[in-house]
Protein chains: 2
Amino acid sequence: MSRELHAAPHVVQALGAIVGERGLLLGADMAGYEQGARYGQGQALCVVRPASVEEVQAVVRCCVAHGVPLLPQGANTGLVGASTPDASGAQVVLSTSRLRGLCDIDAANRSVTVDAGVTLQELNEKLEPHGLWFPIDLGADPTVGGMIAANTGGTRLIRYGDVRHNLLALQAVLPTPEAEVLELGRALRKDNTGPDLKQLFVGTSGAGAVITRATLEVHVRPQQSATALVVPTSDDAVLQLLQALERELGDYLSAFEGLSGHAMQAAIDHVPDLRNPFAPEPAPDFAILIELEAASSKAYTGLDLQEALNQFLQDQFEQTIENAVIGNGHELWHLRHSISEGARALGKPIAFDVSVPRSRIMAFCRAARAVVAREFPFLHVVDFGHVADGGVHFNVIWLSDAAQPYDAAVVQRLRDRIYAMVVQDYAGSYSAEHGVGPHNLAYYRRYTAPASRRLAQGLRRLTDPQQLCGTVDFGDHEAQ
Amino acid sequence: MSRELHAAPHVVQALGAIVGERGLLLGADMAGYEQGARYGQGQALCVVRPASVEEVQAVVRCCVAHGVPLLPQGANTGLVGASTPDASGAQVVLSTSRLRGLCDIDAANRSVTVDAGVTLQELNEKLEPHGLWFPIDLGADPTVGGMIAANTGGTRLIRYGDVRHNLLALQAVLPTPEAEVLELGRALRKDNTGPDLKQLFVGTSGAGAVITRATLEVHVRPQQSATALVVPTSDDAVLQLLQALERELGDYLSAFEGLSGHAMQAAIDHVPDLRNPFAPEPAPDFAILIELEAASSKAYTGLDLQEALNQFLQDQFEQTIENAVIGNGHELWHLRHSISEGARALGKPIAFDVSVPRSRIMAFCRAARAVVAREFPFLHVVDFGHVADGGVHFNVIWLSDAAQPYDAAVVQRLRDRIYAMVVQDYAGSYSAEHGVGPHNLAYYRRYTAPASRRLAQGLRRLTDPQQLCGTVDFGDHEAQ
């Protein structure tokens, strides 16, 4: 029996004394904390839900004193298994779900200081009366702490940036015997006073420290928006269209999402209340969802954004586009956001959250589709993505009715093949916006230079000498 | 004699063999590299100007082998003395002035990969034919490497962010025996594959590694702009006006610069060809330079930006503003950019590059002016700044004709007083955009928590075990 499990009953008791009855979950009550949103399923020693930074410190001190590993968890919506415990039964899940007392809005500074357990939706509800929002858009409702740990991007990155771009300050508890509270940064847009230490905890999947509070830059809510779903004349035309849009309407571009025909069809066929916007024609091979947003008042600009977009598209006809469905934004976004559900209905999804320089995104997608068709002809590609920021959800489905039954070894071969293309042939990333977790750690080890891994390992040891916090080890191990 | 100086002739000879005659400067030829733009003057062992990354590596290997300290230097335009050698005569200045072969533009990706020694102006000349620019605006022409080391901000941060926000990838040479080249990041907007290691070298004044190349996100050049110089009705009105602007014309706001009456008067009195834009009335106590920029085409938006601004200002009359001078942007920016020259003509400037949450910027300026008037009545405040991002150049002049002669002890007392106000009373920063160098290192030590300094020291040791690279030590020393 390991040292951790030996000490376990004592540790659980001590943790219970810190967080109280409401703050400690055991047995079946832990189920929702042990199962990941897409990958990851394990067994926790216990789940603790501290209700204050002081309680987090006490929990951390207790775990560190007993050498018990600690896994910070927000809304557990991550997609690489980094927020769920492993199978050891030794990890304490530190849920931030009760760290949500503070949401301090400074409207004139366009900033908010917020506890880590507040969710994106709650935050935006609090910001709305001030005409402000935190404009990260994605298909889940993560906590602020989780968004920082994953450096969430989403569909509107091209206009607003990712979480890192909007993070002004961070409070974190170090997994050391003292459980020191680090206060990194302030509610300032300009502050260059030495190394920016908060960066050590952004996009690191909860490794190295427990994020307890953050100060975020927030934005003015748009007053109008315009949408269209357009069919490009060719792959080359997609980039021409994007460049033309940035040149002619660049102040407003908030989304430029690529939808493959397979992706649209999967959603149309399987999601209730969703119709083919191109009906009676079938869905095309590829379409782009364009969204513009204006944070300006028509009273001063005289601008009708939908009219401007329509006129732009009219001029693009036969140059870069051959068809277009104008507006209803809600309906078009519903189609976009239904793709994952539609894909799941077809069979077992094999997800690739990759990115390439956007100048090569269409070439990559074409080449990757060809590889699947040639080498894995029994698989079905349902790709879509964020063309403007180079992100592609190159998802592949093992169809429920495939002749060949699901085979993990084949899936492994596909993953190796696609990631190698992305990283080696297209100068891209094997994890664009989902981060690194147990699900894709092998590729971190394969594609991160040894010097970088040694540096990452050194960083981890600086803040977390026993490597107790978080489930991902970014250190220098043999490539797998 | 120290080990370094003992080894010196041998090291200089070896460095000369690496970089060749053109790449090595000695004696009087080093003058421009030894004198800082505002602070810092020292003596170098020699100046080396490697012409390739391989030469940088060889220089680093040579210095590390002999334990000789190494100081990376770009255009030497920094304002805290971090790019000039100390008085020891032991440091090798590694100038990046010949690292400028590469400027590889990917227009469709809106990115550029560029050698560290290329200057901002050169970069923008290369980008212009593509309709692109790197929109950091400041009163100097730094190199790309220097801008990363300082995390340059400037006057248009509110629209485009600082250098960190626009940095996609970095190449750096580690000051280790192997002089390993780190390639950190790629030309990607979404890439979350472990800790973002390039952040370790952003805003650290050249400490820890030699930056040799970077990939930057670049932006579409605006098609039209609008400017006005307005007089607010009160301090409170300034923030109301800023918030109204962001609500009504937020897509376009690119600058919102505060100019005190003293600042305008200093420029008007001492800079040739500059007239008082309010003539025949005298310059007001305070004015705001507003700039809007649109990257959109009038053909689609129908937007006349100056007209929109004018109409907005008209509606603000008697609410938040009491006077306004419309357009000529060139003339108004000339006034703004002439303040430093005007101030220097008055006497000896004591510069404060500080920031506070912008919601408190007017209160801070008022309080700080009152402190100077009360406690240092013989000094003259010439403050101006970037209201929209909370930055203030709260500059104070020891007038040439002051009754009391310049006294370094008084200046020290003033610095302590103002920085204490900023940091302790206004939750601000003692270095907003100039970074940390020998000039203000004492305040880093005073105002950085010991836990953060220990972490910074640990970071430094990870990449630079002998602490040879750069002149700033962010480590954990006794507060001064």
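I count a salt bridge when a side-chain nitrogen of Lys or Arg comes within 4 Å of a carboxyl oxygen of Asp or Glu. This is a predicted model, so I keep to that rule and to computed distances. Searching the whole structure, I get 49 salt bridges over all chains.

**Entry: salt bridges in chain A.** I looked up A:Asp196 and A:Lys198, whose side chains meet in a salt bridge at 3.0 Å, N to O. Both ends are hidden: A:Asp196 is buried and A:Lys198 is too. Next I took A:Glu248 with A:Arg247, a salt bridge at 4.0 Å, N to O. Here A:Glu248 is buried, with a relative accessible area of 19%, where the cut-off for buried is under 20%. A:Arg247 has 43% and is partly exposed.

**Entry: salt bridges across the chains.** How many salt bridges run between chain B and chain A? I find 12. One I checked pairs A:Lys190 with B:Asp389, the closest N and O atoms lying 2.8 Å apart. Another joins the side chains of B:Lys190 and A:Glu433 at 3.1 Å, N to O. B:Lys190 sits in the loop between S9 and strand S10 (210-217) of chain B, and A:Glu433 in the loop between H14 and helix H15 (441-447) of chain A, so this pair joins two chains. Both B:Lys190 and A:Glu433 are buried. I also noted a network in which salt bridges with shared partners join A:Arg110, A:Arg189, A:Glu217, B:Glu246 and B:Arg358.

**Entry: A:Asp389.** I found A:Asp389 in the loop between strand S18 (380-386) and strand S19 (391-399) of chain A. Is A:Asp389 buried or exposed? Its relative accessibility is 4%, so A:Asp389 counts as buried. Leaving out neighbours within four places in sequence, I see A:Asp389 in contact with A:Gly154, A:Leu157, B:Arg189 and B:Lys190. The side chains of A:Asp389 and B:Lys190 are joined by a polar contact of 2.8 Å.

**Entry: the interface.** I get about 7100 Å² buried between chain B and chain A, with carbon and sulfur atoms giving 54% of that. B:Lys190, B:Asn192 and B:Tyr300 supply 14% of the area that chain B buries against chain A, more than any other three residues. The contact takes 86 residues from chain B and 86 residues from chain A. For polar contacts across this interface, I find 48 residue pairs, both residues at pLDDT 80 or more. Elements giving two or more residues to the side of chain B that touches chain A include helix H7 (235-249), strand S14 (286-294) and helix H16 (450-463) of chain B. H16(B) gives the largest share of that side, 9 residues.

**Entry: the cores.** The largest nonpolar core has 135 residues, and A:Ile290 and B:Ile290 have the most contacts inside it. Helix H14 (residues 408-425) of chain A brings the largest share of this core, 9 residues. Apart from it I see another core of 71 residues, among them A:Phe201, B:Ala116, B:Ala172 and B:Val218. Back at B:Ile290, beyond four places in sequence, I list touching residues including B:Ala226, B:Leu241, B:Phe256 and B:Leu313.

**Entry: H12 of chain B.** Which residues are buried in helix H12 (residues 339-346) of chain B? I have B:Ile339, B:Gly342, B:Ala343 and B:Leu346. Down the axis of H12(B), the buried residues fall within an arc of 100°, so they line one face of the helix. Their cover includes helix H8 (261-270), helix H11 (329-337) and strand S19 (391-399) of chain B.

Methods: Residues are numbered from 1 along each chain as its sequence is written. Chains are lettered from A and ligands numbered from 1 in the order in which they are written. This is a predicted model: local features need pLDDT of at least 70, side-chain atom pairs count only at pLDDT 80 or more; totals for chains, interfaces and linings use all residues. Side-chain values use heavy atoms; hydrogens and water are left out. Buried means under 20% relative accessible area, exposed over 50%, partly exposed in between (1.4 Å probe, protein chains only). Helices (H or I, at least four residues) and strands (E, at least two) are DSSP runs, numbered from the N terminus. The arc is that of the directions from the helix axis to the C-beta atoms. Contact means heavy atoms within 4.5 Å. A nonpolar core is a set of buried Ala, Val, Leu, Ile, Met, Phe, Trp, Tyr and Cys residues joined through side-chain atoms within 4.5 Å. A polar contact is a pair of N or O atoms within 3.5 Å; within protein, one must be able to donate a hydrogen and the other to accept it, and residues adjacent in sequence count only if both atoms are side-chain atoms. Buried area is the accessible area (1.4 Å probe) that two parts lose on being put together, summed over both.
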